[in-house]
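Hi everyone, thanks for making time for this one. Please have a look at the structure on the screen, and then I'll walk you through a few parts of it.

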Amino acid sequence: MLRHRPRSPLAVAVALTLAGGLAATGLLSASVARLEADKLTLSFEQRADVRATAIQHGLDEAVEVLVMLNQFHAAVQPVTRAQFHHFTQPLLARYPFIQAFNYHRLVPHAERAEMEAQLAAVRPGTVITEMRGATRTPAPQRERYSVVDYLEPMVGNEAAFGLNVGQNRMLMDTLARAAERGAPAATGLLSLAQDTRPNTGYEVIMPVYRPGADLSSGAARQAAVVGDTAVIIRAAVLVDKILTASKLREGGIDLWVYAGAAADPARLVYATPGVTSAPRAQTTTRLASWLGTHARSRYERTVTVAGQSWHVVATSAVRPLLPERIGSLSCLIGGLLCTLLVSAFVHTLVRRSRRVQALVDERTADLKLSNARLLDDVGARARTEQALQHSEQRFRQLVSMSSDWYWEQDAELRFVNITGGIGEKGGVAPEHLIGRTRWETVEGMAESAWGRAHIATLMAREPFDNLEYATRDQYGELRWFCVNGQPVFDQIGTFVGYRGTGTDITARKLTEQRIQHVAQHDALTGLPNRSLLQDRLAQAVAYSAHTAHAVWVMLIDLDRFKFVNDSMGHRAGDVLLMTIAARLRSALRDSDTVARLSGDEFVVILAERDGETLSADIVQRLMDAVAQPVMLGTKEFFVTCSIGVSVFPTDGAGTDTLIEHADIAMYRAKKLGRNNFQFYTPAMNEEAMERVRIESALRSALERNEFVLHYQPQVDLTSGRIKGMEALIRWQHPELGVVAPSRFISVAEETGLIVPIGAWVMRTACAQTRRWQEAGLGTLRVAVNLSARQFGSSTLLADIGNVLDETGLDPACLDIELTESLFMTDVTSAVELLHGMKALGVKLSIDDFGTGYSSLSYLSRFPIDVLKIDRSFVADIARDASDAAIVASIIALAHNLKLSVIAEGVETAEQLDYLRRHGCDEMQGYHFSRPLAADDFEQLLRQRACLPAAAEARVPVSVAA
C-alpha cells in the first residue's frame, strides 16, 4: 500500500523560493526607481536653469537698450524729437516687448507755460497732467515737474504724454538710486497711465546730466540731473517674448516669474498659460525621497538686473507614472513573474512523479480509441483516392510556377476562384474580381496595345508567362502584378477556362524606379543631376525653337559656402545645401527645372509660356528665398548667392554654351561684390579672359617685384600732426600698366595668392617704417590690412612675430586692421586669436566699423584699440542728420570703451570741423593727402606737413600730389 509523502518539505521549498525572489525583486526595483528619479530631476533642473538664464539675458538686453539710448542723449546735445524718433524706431522694431521709450524732462514752474506750449505743438490740447487714482487731471502748481516730454511710440501711449511723474515716489526713488550708482536702475511693478490694469509694467531709468557737469560723486550726479531716459516694459510681455524667442515655452515645465526676491502671489508677473500660482514646496518622507516617488520637481532662482530682483519658480508638469517608471515597473513585474515561475517549477518537480502513473493510464485509453478510428478511416481513404489524384495534377502545375496566389477562370474568361491571399498580398479583395474578366478590372487594358495582344492570346487558347500590368488596389494605391496562366481542357478536349498564378511585383518596380531616379538625381538634395539637366535643357531649347519663346538658364553659386564647411563641418554644409534646394523648388513653378550642378552650384531652367513673360523679378525672388536665415545647429547663418543668367537663343544655341555663358555671368556677379545677379553679355567673355590673364600674371608678380606700397597719412586732430599711415598696395605691370586693387585683390583672395602678397605687404611696410624712424622722422605707426585668408592661417601669430623680429620694428608701431566679418562668425576662436595678437604687442583696429553685423556685446570682449569709421558715414555728415548722429554715437561709444577713433574718407573742411567738434581722435582722407609713394611720403614727413588748428584757415598744409 502506497503512502503519501509529507507536504511540509514542498511547502518550505516553495516558501523559501518565493521569499528570496520577492526580496531581490523589491531591492532591484527600488534601486532602479531611485536612478530614474535622479535622472528626471537632473533633466528638469537643467531645462529650468536654461529658462531662468534666458530670462536674465533678456532683462540684461532691455537694460543695454536703455544704455544705448542714454549714450545717444549724452553724445548728441541737444537731442531733437526727430532724432529721438529716428533712433528709437529700429529699437522698437527689434525689441517688441518694449511698451515705450520716454524722456522725462525736469521743468521748473517758471517754464511750465513754455513746456505746455511745446507739448501742445506736438499733440494739440496737451497740458501737464498727473494721475489721481486711475484718472488724469491737470497738475496743480508745484515747484518742479518731471514731464514725459519725448515719447515713442505715440500711438497707444497718448495717455502718458505730458504726464508729471514727479509725484510718483517709486519713480523718483529709482531715479535717485540710478544717479547715486551712476548706472541704470529698475522700478518695481507699477501701474501704467496707458493701461487700466494695475501693476502691469515697470521702468528702467537712467539719468541725463547737464553737459559739462561734475559727475565724480553720487551727490554731484544728483545735482546735475536734468531729466532721465526710460524704457517702459510690460513685464508679462517681456518674459513671454524671451521664452518665445528662445523656443522655451514648451517642454513640460510650468514657470512663474515674480517681481521681487520671493514668490509673492501679489507680485506675480508671468505664469505658464493655464496655471495660476506656483505650488508650495512639497514635503516628502525619507523613503519617498530615496525612491523618487514625489510627484513634481521644483526649481527656484533669483536674478538681479538694474537693482531689481526677479524670482523665478519652475515646477515640472504632472507626469504620468508609467512612462517615467517603465524601468522600475519592468524590473518589479519581471521579478515577480520570475519568482512565481521558479516557485511553480519547484512545486512541479515535487508533484511530477505523482502524475506519471496517471498519464500512463490516460495514454493507454487513447491508444485503444485510436485503433477503432483507424479502422473507420481505411474505408474513407479509398473513396478519396480518385479526388486526390485529380487535385495532385492541378496543384503540381501551380506549385511548379512558384507563385503567391492562384486563380481560375471559366470558359468566358471570368474569375471563378482566387486563393492564396490576394487581398493581403495584393491589396485587392477577391470579391472585386469574381465574375469579371481581367480587362474589366484593369482600367484602360482593353484599349491598350498590350491589352489587345493579351486578349488575342487568350482567344487562341495559348498559355502566357510574365504578363506585367499596373492597377489600383482597394485603397487607391498603384500596384504592379505579374501573372502566368495555362488553358484548361476537360477529358474530351473541350476548353473550360484558365488557371494560373499571380505575384505582387510592386516592390521590384519601385526599386527599378528608384535606381533610375538615383541615376538621374543628386543623392543629397534629390534634384536632377548633370545628366538629367542636359536632357531637360535640350527639351527646353527644342520647345523654344518650336514656339519662339525664350529660355533662361540661371547658374546659382552660394557665397561663402566654403566658410560654412570649414567652420561648421561637412554635415552642416549638407544641411545648408538641402535647405537651399528646397527653397529653390518652392520659389519656382512645377514646370521649371532646378538641378544641382556640383558642390554649391545650382542650375535653374525657366521657359516662357503663352501669356507669361520672364522678368528679373523672378531672379530677385530666388535670391530673396536663398537669403532667409538658416539654423545650423544652434547658430543662425545668413547665406547669399550670386546668379548668372544666359538666354536662348540670344546667348547661344547649345546646352553647354548656355551653361558656360551663365557661369561667366555668375563670376561677373561675384566680382561685383556677390549677392547680386548679372545677365550674360559678350563683353563678359573679354572680362573672363582678362581675369585669366590677371591670375596668370599675378602668380609671378611677387617674383618680378611688380608690387609697390603707397602710404596715406593718419593725422591727429588735436595737434594736426601726422601720427602714422596706412599701407596700400599698388601693382605696376609692364604690359597691363597700373592695375587697380579692385581688379586683382578678389582674384588673389580666390586663388590663395593673397597670403604671400599680404605677408610681403606687412614685411615691406614694417621695414619702411623702421627706416623712417631711424632717419629721425618721428615715432610713426603703420596700419596694415589683414585678409580673411591670413586671419584663418594657423601660422598667423608666428608670421607676425617673425616680421617684427626681422625688421626690428617696435610691435606698438604696427596697427593691424581687420573687418568685422573676419571674426564675427566664430567669436570664441576669434577672441582667442585676437588676444594672441595683443600678446605680441601690436595694436588692433576694426576697419569700416558700422557696415558689418557685429553685436555691441561682443565688441567689449575683443581686445581692440581703434575703431575706424567707414567713409560711407563720413561722406554725408554735413548734410544727413542720420549719418551725423551715427558718427557721433560711434565716437561716444568708442571713447566709453576706452578706444581711439579714426575717420576715413575725410574730403571737406565741413567734415573735418564736425569730427573735431565731436572729439574724433584722428582723420585720414584726401582733404589732407591722397596715398603717396614712399619717396613722396618721406618728403611730406620732412616738410612736417600738418593740419591747421580748428580756429585757423580751413586749407590743410600739405604737399599731396
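Let's begin with Asp49, which counts as partly exposed because its relative accessible area is 32%. For anyone new to these words, buried means under 20% relative accessible area, exposed means over 50%, and partly exposed is in between, with a 1.4 Å probe and protein chains only.

Before going on, a word on where this comes from: it is a predicted model, where local features need pLDDT of at least 70, side-chain atom pairs count only at pLDDT 80 or more, and totals for chains, interfaces and linings use all residues. Residues are numbered from 1 along each chain as its sequence is written, and side-chain values use heavy atoms, with hydrogens and water left out.

So which residue meets Asp49 in a salt bridge? It is Arg301, with 3.0 Å from N to O. A salt bridge here is a side-chain nitrogen of Lys or Arg within 4 Å of a carboxyl oxygen of Asp or Glu. This pair links distant parts of the chain: Asp49 is in helix H1 (residues 8-75) and Arg301 is in strand E10, 252 residues apart. Helices (H or I, at least four residues) and strands (E, at least two) are DSSP runs, numbered from the N terminus. Arg301 counts as partly exposed because its relative accessibility is 21%.

By this rule there are 30 salt bridges. Another of them joins Glu806 and Arg763, also listed at 3.0 Å from N to O. Glu806 sits in helix H23 (residues 796-807) and Arg763 in helix H21 (residues 754-774), 43 residues apart. Glu806 is exposed at 55% relative accessibility, while Arg763 is partly exposed at 35%.

Helix H21 also holds Glu774 and Arg770, which are 4 residues apart and therefore separated by about one helical turn. They form a salt bridge, with the closest N and O atoms 3.2 Å apart.

Now back to strand E10 and its sheet. Four strands form an open sheet in the order E9-E8-E11-E10, with antiparallel pairing. Two strands pair if DSSP finds at least two bridges between them. The edge strands are E9 (268-271) and E10 (298-305), each pairing on one side only. E10 is joined to strand E11 (residues 308-316) by 8 bridges, and Tyr299 has Ala314 in E11 as its bridge partner.

Last stop: helix H16 (residues 570-586) and helix H17 (residues 616-626) pack at about 145°, with axes 9 Å apart. Axes are lines fitted to C-alpha atoms, for helices over the stretch in contact, and angles run from 0 to 180 degrees between N-to-C directions. Ile580, Arg583 and Leu584 of H16 make the contact with Leu622, Ala625 and Val626 of H17, where contact means heavy atoms within 4.5 Å.

That's my tour, so please ask away!
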